[in-house]
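Hi,

Here is the structure I promised to pass on to you. Have a look at it first, and then read on for what I found.

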Amino acid sequence: MKAKPENVLTGSHYLDGNHASAEGAIAAGCRFFGGYPITPSTEIAERISQRFPRIGGIFVQMEDELASMAAILGASNGGVKSMSCTSGPGFSLMMENFGLGIMMETPCVLVNVQRGGPSTGLPTLPGQADMMQARWGSHGDYEVIALAPDSPQESFELTIHAFNLSEKYRMPVLIMTDECVGHMTEKVVIPSADEIDLVERKYTDKKPGEAWPYEWNGKSIPPMLPVGKGYKFHITGLTHDEKGYPVINAEAQEKNVRQLIDKVKKNADDIIWLEEWDTDGADIIVMSYGISSRVARPAIAKARADGIKIGQIRMITVWPFPEKRIRELAGKVKAMVMVELNHGQVYLEMDRCAAGQCVTAVVGHSGGTVHKPDDIYKVIKDVVK
Amino acid sequence: MKFWRTPLDIDQLKIPKGDVHILEERCKGCGFCVEYCPKGVLKLSDKFNSKGYHPPVVIKPGECVNCDLCEMICPDFAIFCLRVEEVNKEVASES
Amino acid sequence: MSTSVEPAVKKEHPMEKILRMDRIPHIWCPTCGLGTVVTALATALDESEIDLNKVAIVSGIGCTGRVAGYMKLDSFHTTHGRAIPFAFGMHVARPDLKTIVFSGDGDLVSIGGNHLIHTARRNADLMVICVNNFIYAMTGGQVAPTTPITAKSSTSPFGNFEHPFNLPLLAASSGAVYVARWTALHIRRLTKAFKEALNKRGFSFVEVIAPCSTLYARRNKLGTGLDLMKFYHDNCVIKHGCDLKEVDIDYQSKIIVGKFVDIEKPTYIDCLNKGYKQVFGDKYKPYGGGDGNNGN
């Protein structure tokens, strides 16, 4: 299905990442936004609040982030594409209901414009230190999908992509951007509506009384049931069976959790999206995501000028982690370097997948600004030795 | 049930008759129905259901006025009344 | 041809059409009042002839949180305290549905207290049923923000010495347009209150005092749930429209019940539509819910 022309501001714009993300959501057909102000994400809510009343959407400034996350799940179960945005402290508050969305298998999109932490940290300055929280922040065992845009243009595109993934896999999807990308203003080209592909929600084609909310078959994603149509279905955050009824035992837990994990793991090849430059025949690969991948480029160019055979990987989806590709490359290269605005979070995954086949290193940073390209260059030179 | 005054149309009122149905296996023996039946139709029986509770039993058949109070106050959806005329009508229509 | 009365008539409880009979018997203890409150809601839904396809019910966590699972409606069992915001999102997405929140005192006024006051402030068209058993029952009888002073619980073993919430006052002062309190014993009045709340546009709040036998009654040596029902019978005073400052509940003293608030006020969506209409004029299309994109 294509986007609706009235939802798409086709043309060239000068937008920051947050406004671009809001436009992406509107183009994707988002019509409910529940959010709570928090720096540096608020521009998304502001733009949505400005745009929604004129296009039949509803923006609600909720009383807190707990309510925001719960409300977007309620609205999504009501059949409306929903989204929220936040940053570190709000992300922590949303984690419980993020888990509810995972457990209920409810599509929605949550944007985390990362700032420096822990706690209140650096409200106005960038960080990428919520990456492991995105992966494991809610309790229990589950898989997530997290995207990391590196520019306002990509903030627009990945927001649409996030809605598509959330509808396709019937789960909340995270956009893990950062203050830099969120507040960086660049040219954003919004294509015409017929160039934007949307994945629409799959509802059951069975009649009321014959359909259950979780018809897991181990292969396809079960279609959802619409409210208000007589299906009278039940869904819960408790461990449940195909009917959505709570079942408190190990067998039901195995089936339920297995479904949440398998739907991402088994479709990892479809979900994972990487950009690679010069990785074939490289001795060293620099991995990164979001703003850090842009900062790494001058350092890579400098190293290449020194005659180092160096390639780059930019993770557009950070979760699920591109495990297969990293294992494969680790066997061919001498070293892999992770550049991220924390002291080694996604690095742990890279190191795990490298499994001793090559040297690994992280260019760590406490956040508050981006890396100096020279710091990255130094680490590259170190691992070459 | 005592009236504080005699209703003016008492000669025209027909006291309805009810038939109490008890779903014994669902009962948890709370005794709400026994306590609040205005006609004292019920008491807890001596026998046990399979969960070990004493379900109620009708001790004054024919005295139920189909007020539905037992049905409404039962927390376990285990007792209900049907109006005797309705029951008979349904039987007649089905036979 | 049948001659006996019994086989000809299906032995089906009249509320079975509104309950998930495949989930009954429920998990609640003997002499717990929750089942009675569920019957009252089922009866109210049945008698108000509302289209049951157009009713959604949302619960939080706790004993009362299990209600959503027993009602044959589109039902959602959410996280602790978040039933109201979840229901609010559902309502805003689908204003054509009647969304009911059915949860307990701990869920709605302790962990979810902020959502209660804010959603009442917005006057969202939700019906909130708060079953108050004075205790956290599911977790084993801990002190709640509704536990009366001196009542014992597993975490107030010497008695509770904090002031409890006055729920009708809280709801009314936050902006609810319908506020009532009844007990599980006032089954007909409760059913009537549910019917009124179902037909009320705006935020309606019904507090239902219900017996918790296993934890509240046992720990305070008050007998069983039946003894608590008898206590309600002897100690409840009906005072419709009374000053809500007077409806505090003290330990084992009189309980004032009745319909306290029933006013008209524009709802959340009414206010949005009116406000935007003033700003945008005739260009503004009144908000009416889902855009039909998603199969609804």
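Let me start with a salt bridge: C:Arg122 and A:Glu63 meet through their side chains, with N and O 2.9 Å apart. C:Arg122 belongs to helix H6 (residues 113-122) of chain C, while A:Glu63 sits in the loop between S3 and H3 of chain A, so the pair joins two chains. Please keep in mind that this is a predicted model.

How many salt bridges does the rule find across the interface of chain A and chain C? There are two. Besides the pair above, A:Lys243 forms a salt bridge with C:Asp22, and here the closest N and O atoms are 4.0 Å apart. Over all chains, the count of salt bridges comes to 49. Side chains of opposite charge can pair when their charged atoms come close.

The A and C interface

Two pairs of chains are in contact, and of these, chains A and C share the most contacts. Chain A brings 49 residues to the contact and chain C brings 45. Together they bury about 3900 Å², with carbon and sulfur atoms giving 56% of that area. A:Glu63 turns up again here: with A:Ile58 and A:Lys232 it supplies 17% of the area that chain A buries against chain C, more than any other three residues.

Polar contacts are found here too, in 18 residue pairs across the interface of chain A and chain C, with both residues at pLDDT 80 or more. On the side of chain A that touches chain C, the elements giving two or more residues are strand S3 (58-61), helix H3 (65-77), helix H4 (88-104) and S10 of chain A. Which of them gives the largest share? That is H3(A), with eight residues. By class, this side of chain A divides into 25 nonpolar, 13 polar and 11 charged residues.

An open sheet of nine strands, with mixed pairing, runs in the order S10(A)-S2(C)-S1(C)-S3(C)-S4(C)-S8(C)-S7(C)-S10(C)-S9(C). Strand S10 (234-236) of chain A and strand S9 (236-238) of chain C are the edges; each has a single partner strand, so one side of each is left without a neighbour in the sheet. On average, neighbouring strands of this sheet are turned by 20 degrees against each other, direction ignored.

Where the chains meet in the sheet, S10(A) runs parallel to strand S2 (residues 74-77) of chain C and is joined to it by three bridges. A:His234 has C:Ser75 as its bridge partner in S2(C).

Further along, strand S7 (residues 178-183) and strand S8 (residues 204-209) of chain C pair in the parallel sense over six bridges. In this pairing, C:Ala180 stands opposite C:Val206 in S8(C). Helix H10 (residues 225-235) of chain C packs on the sheet, where it touches S7, S8, S9 and strand S10 (255-262) of chain C. The direction of H10 makes about 45 degrees with that of S9(C).

The B and C interface

Chain B has 33 residues in contact with 37 residues of chain C. The area buried between chain B and chain C is about 2900 Å², 67% of it on carbon and sulfur atoms. The rule finds two salt bridges across this interface; one of them links the side chains of C:Glu16 and B:Arg26 at 3.0 Å, N to O. Nine residue pairs are in polar contact across the interface of chain B and chain C, both residues at pLDDT 80 or more.

Several elements of chain B supply at least two residues each to the side that touches chain C, including strand S1 (18-22) and helix H1 (32-36). H3(B) gives the most, with five residues. This side of chain B has 19 nonpolar, four polar and 10 charged residues. As for chain A and chain B, they do not touch, and their nearest C-alpha atoms are 19 Å apart.

Backbone details in chain A

Most residues other than glycine have a negative phi, and most peptide bonds are trans. The peptide bond from A:Gly117 to A:Pro118, however, is cis, with omega near 0 degrees. A:Pro118 is placed in the loop between strand S5 (108-116) and strand S6 (122-126) of chain A. The peptide bond from A:Trp319 to A:Pro320 is also cis, and A:Pro320 lies in the loop between strand S14 (317-319) and helix H11 (323-330).

Best wishes

Note on methods. Residues are numbered from 1 along each chain as its sequence is written. Chains are lettered from A and ligands numbered from 1 in the order in which they are written. This is a predicted model: local features need pLDDT of at least 70, side-chain atom pairs count only at pLDDT 80 or more; totals for chains, interfaces and linings use all residues. Side-chain values use heavy atoms; hydrogens and water are left out. Two strands pair if DSSP finds at least two bridges between them. Helices (H or I, at least four residues) and strands (E, at least two) are DSSP runs, numbered from the N terminus. Axes are lines fitted to C-alpha atoms, for helices over the stretch in contact, and angles run from 0 to 180 degrees between N-to-C directions. Contact means heavy atoms within 4.5 Å. Buried area is the accessible area (1.4 Å probe) that two parts lose on being put together, summed over both. A polar contact is a pair of N or O atoms within 3.5 Å; within protein, one must be able to donate a hydrogen and the other to accept it, and residues adjacent in sequence count only if both atoms are side-chain atoms. Ala, Val, Leu, Ile, Met, Phe, Trp, Tyr, Cys and Pro count as nonpolar, Asp, Glu, Lys and Arg as charged, and the others, Gly among them, as polar.
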